[in-house]
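Reader: I would like to learn how to read strand pairing and aromatic contacts in a model such as this one. Could you take me through them in turn?

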Amino acid sequence: MAGYAPLKLRARDADDLVVISSVLQDALMPLGDIAYLEDENSLYLVMNRFRWETGASGPAERVHSGLRFDAVRNVRYRNIDRRNRGQFLSFLALFYEGDTDGESGTVTIQYAGDAAIRLRVGGLYCMLSDFGEPWPAARAPEHDAG
């Protein structure tokens, strides 16, 4: 796509994570594209996200994105059937609660249907990178105002 520049963002604190959370709103993630590599202490998620940054001026588009968390000590799932690898999760938000020393905390990845992935982390180390070319979306996601 002409003029396309892939997003590359990182989060080291809760404010940074709010930015990443906002660009991931309404991303779709196949459960089979989420991997916790315990020996690397990393969680990887691949999704297709709506390109909110194009605003109302651009065409509705989606793009593949990778999200990585490092220093992951533990992963817990809520209301997610991990055996159903073809299941799609609809992303809502990311939240970070850090300990006062800044060396550990909890990241919650919230999905529709009260599903969530909760990470116990040794500090916030998060990266988001787009890859591939965007493609036309049928329409932009819609949200009720109230």
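This is a predicted model: local features need pLDDT of at least 70, side-chain atom pairs count only at pLDDT 80 or more; totals for chains, interfaces and linings use all residues.

Reader: How many bridges join strand S2 to strand S6, and in which direction do they run?

Author: Strands are taken as paired if at least two bridges are found between them. Here strand S2 (residues 28-30) and strand S6 (residues 88-98) run antiparallel and are joined by three bridges, with Met29 of the chain standing opposite Leu89 in S6.

Reader: Which residue in S7 stands opposite Ala93?

Author: Gln110 in S7 stands opposite Ala93, and S6 is joined to strand S7 (residues 105-111) by seven bridges, the two strands running antiparallel.

Reader: How many aromatic pairs are there, when the ring centres must lie within 6.5 Å?

Author: The count comes to two aromatic pairs. In one of them, the rings of Phe50 and Trp52 have centres 4.7 Å apart and planes at 65 degrees, and because planes over 60 degrees apart count as edge-to-face, this pair is edge-to-face. Phe50 is buried, with a relative accessible area of 5%, whereas Trp52 is partly exposed, at 30%.

Reader: Why is the pair of Phe91 and Tyr111 classed as edge-to-face?

Author: The planes of the Phe91 and Tyr111 rings stand at 85 degrees, with the centres 6.4 Å apart, so the pair is edge-to-face. This pair links distant parts of the chain, since Phe91 lies in strand S6 and Tyr111 in strand S7, 20 residues apart.

Reader: Are Phe91 and Tyr111 buried or exposed?

Author: Both Phe91 and Tyr111 are buried.

Terms used. Residues are numbered from 1 along each chain as its sequence is written. Side-chain values use heavy atoms; hydrogens and water are left out. Helices (H or I, at least four residues) and strands (E, at least two) are DSSP runs, numbered from the N terminus. Rings of Phe, Tyr and Trp (its six-membered ring) pair if their centres lie within 6.5 Å; planes under 30 degrees apart count as stacked, over 60 as edge-to-face and the rest as tilted. Buried means under 20% relative accessible area, exposed over 50%, partly exposed in between (1.4 Å probe, protein chains only).
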